Amino acid sequence: MPRRSRIRSRKSAYGMAALLALAGLNAPAVYGFATRAYHQYTISRPEYLARYGRWESVEIPERRRINTIHAALLHTGKVLLLAGSGNDAKQFAAKTFRSVLWDPATNTFTEVPTPRDLFCSGHAQLPGGRLLVAGGTARYEKLEGDVHRAGGTMIVANEYPDAPKTLPAGTVFRSPAGKIYRSQSAVVLPRARKTTAAGGQRVQISASRTPVYVEADRPGPQGATHTAARYTIDGLTGADARNHYGTASKLALDKKDFQGIRHAYEFDPVAERYLPTAPMARARWYPTLAPLADGTVLAASGLDDMGQIINGHNEIYRPATRTWSTGPTRYFPTYPALFLTADGQLFYSGASSGYGPADRGRRPGLWDVRTNTFRPVPALAQADRSETAATVLLPPAQQQRVMILGGGGAGESPLSTGRTAIADLTRPAPRYRTGPDLGRGTRYLNAVLTPDDQLFTTGGSGDYRGKGASDHHTAQFYDPARNVFRPAADPTIGRNYHAAALLLPDGRIATFGSDPLFADAANTRAGSFEQRIEVYSPPYLYRTDRPRLLGGVSRIARGADATFTLKSATAIRTARLMRPSAVTHTTDIEQRSIALDIAQHGTRLRVSVPRSPGLVPSGWYMLTVTDARGTPSPARWLQVT
């Protein structure tokens, strides 16, 4: 131990002895303080740090504190913290949408202009290093009693076969009784379908039908309509008016769900700004964006601009043209956990977050998006408690083992589970097998891969959104090789709904957010959003002489080799490519740890990148190596093409 550390430890020991003596003379007044001080002394001891690691709070300037809903590590080493309106209806009404860039190396924070309410969007790392962000919030949920203007879905018809029709936001639909409703977004009406009967003697026109959300001009019950009707469109005359009209069965003051937006952006880590792309065909709120093997991205599920779950209509984003096209059809609940497999399929673990019936779209399985075929993966225990579960592709990715951890019942269910289960996707007939239990029911668990082939888990709660003061102030490591959990140092901040965690390039793990419903066990006081950041340093950071990578390339092709220089000739045991996280709502389908073949000659280390684009999607990775003790190096950024 360095001399300064010995002096500090000796002073701490003397100080603790004095405090404990004082506690004995003045109990119980001093006892609580002495106990806390002794705990701080214990968790600062070198032997404790080397076994359990340590948590530390991050100092954040008050003007940069936000409700972090989404967190993504960028190849610049900075972390994009995205709130949008931050689940705050007042911020939404004020159009206050926020993003902050955090540089963990310097602990500096920079505000980034945020063009739309990207709260509850989806995101994915793109091959070139930008972050795709799509969807977000067009309208906040309103419970019955809080709705002041009647509204609902208007189905707009186009019976004209020779041209589509665009209606701007604010278009007036008028009922037979003269009630006025205005569209809340623009709508494009495809042309009607024209078919000719056999022999060419008869032409049949089939109208196109497109939904749009409308609201009454007049507040209160007088604006409601409870009977089916056909609506004229103001401003249209003659044949145009006959060919275009609206129909609705009910426009009422009942509960209104969140509604999504069609907007999409690429966040440029170098320019540090959002760049607009072509919009999606469908509005999405709570979507999953899943990278595919060919470098495109699939957008799946979400609530649309009616507040309804999209009925299986998925889209594909092409970075080369920054446009969207129609994808394969399959229904999922919102934020489905979809993982790219080595053979280019998507594995749906059964986990999701947010919305969807308990009996639809929740069966785990392998989805081949090229043929749109789905093969169920059976035997998931307590499958009905997989909402808000964490899912991870275990390290190394070559083993193709996916683990699901914890979860709860659908919706606002108080049920939770501590089960874990692992699906081995390399088997001819993959199925889940039960893993070690978490020890208690856990929803919203944060799960982060570490460079030494471990899985770090922290936080979560036993009940929906931490109700009943059910946050778990614990952390542990899962060892895939031994199939066991071991304890880690306990965090001081509870994390439940709207929490996130990710691996930093220096090997630390950062945790963000948490959005409890209540602040007390009796569920009587409203909770507040957790804006603090806490960073965990694993035990491997308290070892001396970490290996370090020096010279080498910053770009490599799949299937190629590259040589790097080591700081010393220490024997290297493993090399890993760690894909940076993009996480929200317990869903992080980006992170993966890929094993590289290595050959070492003194301080020269050659690594080989696998050829499979399903195993190694194009993009930026953190390259780390570990020594014989499993101590990882600080990461080097490497772009794989």
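**Pockets and strands of a predicted model**

Student: How many charged residues are there in the lining of the second largest pocket?

Tutor: The lining of that pocket includes 15 nonpolar and 11 polar residues, where Ala, Val, Leu, Ile, Met, Phe, Trp, Tyr, Cys and Pro count as nonpolar, Asp, Glu, Lys and Arg as charged, and the others, Gly among them, as polar. The model is predicted, local features need pLDDT of at least 70 and side-chain atom pairs pLDDT 80 or more, while totals for chains, interfaces and linings use all residues. Residues are numbered from 1 along each chain as its sequence is written, and side-chain values use heavy atoms, without hydrogens and water. The charged residues in this lining number nine.

Student: Which residues lie nearest the centre of the second largest pocket?

Tutor: A pocket is an open set of points on a 1 Å grid over the protein atoms alone, where a 1.4 Å probe fits, with protein on both sides within 12 Å along at least five of seven lines, and lining residues have an atom within 4 Å of a point. This pocket is lined by 35 residues. Nearest its centre lie Asn87, Glu141, Phe258, Tyr464 and Arg465.

Student: Which element supplies the largest share of the lining of the largest pocket?

Tutor: The largest pocket is lined by 40 residues, with Ser185, Ala186, Arg262, Ala283 and Asp305 nearest its centre, and its lining divides into 16 nonpolar, 13 polar and 11 charged residues. Elements (DSSP runs numbered from the N terminus: helices H or I of at least four residues, strands E of at least two) that each supply at least two lining residues include α4 (89–93) and β25 (323–326). The largest share, seven residues, comes from β16.
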